[in-house]
Amino acid sequence: PEDGWTGGERVGAVGDVHGDLGQFRAVLRDAGVIDARDRWSGGRAHLVQLGDVPDRGPDTCEILDLLMRLEGQARKAGGRVHALIGNHEAMNVYGDLRYTTPEEIAAFRTDRSDQVRDAFFEQHAAELKRNPPPEGLPAFDGVYRRKWDEQHPLGYFEHRLAFGPKGKYGKWIRNHNAAIRIDGTLFVHGGISPKYAGLSLRQINDAIRAELDDFRKLARGLTTDEEGPLWYRGLAQGDEGALAPHVESILKFHQAGRIVIGHTPTPGAILPRFDGRVVLIDVGLSKAYGSRRACLLLEGGRPYAVHRGKRLPLPQSGPAVPAYLREAAALDPSPSPLAPLSRKLEAVQPAVAAP
């Protein structure tokens, strides 16, 4: 896949979704890229979804299906949908299901799930008999089978096949990017750490796709590394003074003016860091994080936060930030999670009136 585009006069970016279809639909309508029937209405706009569609919520299948439809519809209209690989897409591909909910697994159930599970149990038992474990074979009695069934609920094997190399979602995810650039803006799920500051977007994307194609490469690769682009939190949580030279180096290397990241939830609003050179857009969209609704909009290169449907200019730094947060908080159901942050910022710098 391509990893760089120019001419994106209008770009919408949405952070982590985590299995909440209703909130995802709502924020896409706020961004003006889908209509009331969930069809692409953004024309030549670009939509970037920064990953982490799966886990923590029940609607993973429906959200992925929607993104897949919108990709084709947007392309026909002259626009683009960029669904980036986040750490949770990768985890579902290589089988780390720590955060996958029972409802997500149940969504993969079919009328044949009982038979499918029986067949996999027979395969499991046959494999153990061919290669007995050091402690000897289990009894394969009712107690053993019930425990095995609890570990493999109905829908589990359909989920694993769907995220496999030939599965509907696994094949689709493996053909996507983890990092892209649109004009002067980089988009990546977690961030770019000093460890990987010298890699091009193509090198990052090729490496992660290769690791998801061959799990033997995961141990020493980018995909599971805490400093890798799917996991790194330094740009969201690190000391700005200490990391400012690193941010400048990244932007210069990639010929960009800002980097947009998800992965690390904010208190509920799109937030600038490093004088606007880093923009945090994981606002906690899903019900699992409080149903906080906002997305980033770039028009003519200028950044805006679309907060619960209202477009607000996104300040870069200084006293304009608490004013922006006060205006965003006024749009939230009371009490807004933004109020404490706004008060904290106002305490350390002079406040200005909201625009």
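Me: Is E346 buried or partly exposed?
Reply: E346 has a relative accessible area of 25%. Buried means under 20%, exposed means over 50%, and partly exposed lies in between (1.4 Å probe, protein chains only). E346 therefore counts as partly exposed.

Me: What kind of model is this?
Reply: Residues are numbered from 1 along each chain as its sequence is written, and side-chain values use heavy atoms, without hydrogens and water. Local features need pLDDT of at least 70, side-chain atom pairs count only at pLDDT 80 or more, and totals for chains, interfaces and linings use all residues, as this is a predicted model.

Me: Which residue forms a salt bridge with E346?
Reply: In a salt bridge, a side-chain nitrogen of Lys or Arg is within 4 Å of a carboxyl oxygen of Asp or Glu. For E346, the closest N and O atoms of the pair are 2.4 Å apart. The partner is R326.

Me: How many residues apart in sequence are the parts that E346 and R326 tie together?
Reply: E346 lies in helix α13 (residues 339-348), while R326 belongs to helix α12 (residues 320-329). Helices are DSSP runs of H or I with at least four residues, strands are runs of E with at least two, and both are numbered from the N terminus. R326 is partly exposed, at 30% relative accessible area. The pair ties together parts whose separation in sequence is 20 residues.

Me: Which helices hold R145 and D118?
Reply: R145 and D118 form a salt bridge, with 2.8 Å between the closest N and O atoms. Their link spans parts 27 residues apart in sequence, because R145 sits in helix α6 (residues 142-151) and D118 in helix α5 (residues 113-130). D118 is partly exposed, with a relative accessible area of 35%. The helices are α6 for R145 and α5 for D118.

Me: How many salt bridges does the structure hold?
Reply: The pairs R29 with D38, R145 with D118 and E346 with R326 are among them. The count for the structure is 23.

Me: What share of the residues of the protein chain count as buried?
Reply: The chain has 13 helices and 12 strands, and its C-alpha atoms fill a box of roughly 70 × 45 × 40 Å along the principal axes. Among contacts (heavy atoms within 4.5 Å) between residues at least 6 apart in sequence, 70% join residues at least 24 apart. Of the 355 residues, the buried share is 54%.

Me: Which helices each supply at least two residues of the lining of the largest cavity?
Reply: A cavity is a set of points on a 1 Å grid over the protein atoms alone where a 1.4 Å probe fits but cannot get out, and lining residues have an atom within 4 Å of a point. The lining of the largest cavity includes L64, L67, W172 and I173. The helices asked for are α2 (60-77) and α8 (168-174).

Notes: On a 1 Å grid over the protein atoms alone, a cavity is a set of points where a 1.4 Å probe fits but cannot get out, and a pocket is an open set with protein on both sides within 12 Å along at least five of seven lines; lining residues have an atom within 4 Å of a point.
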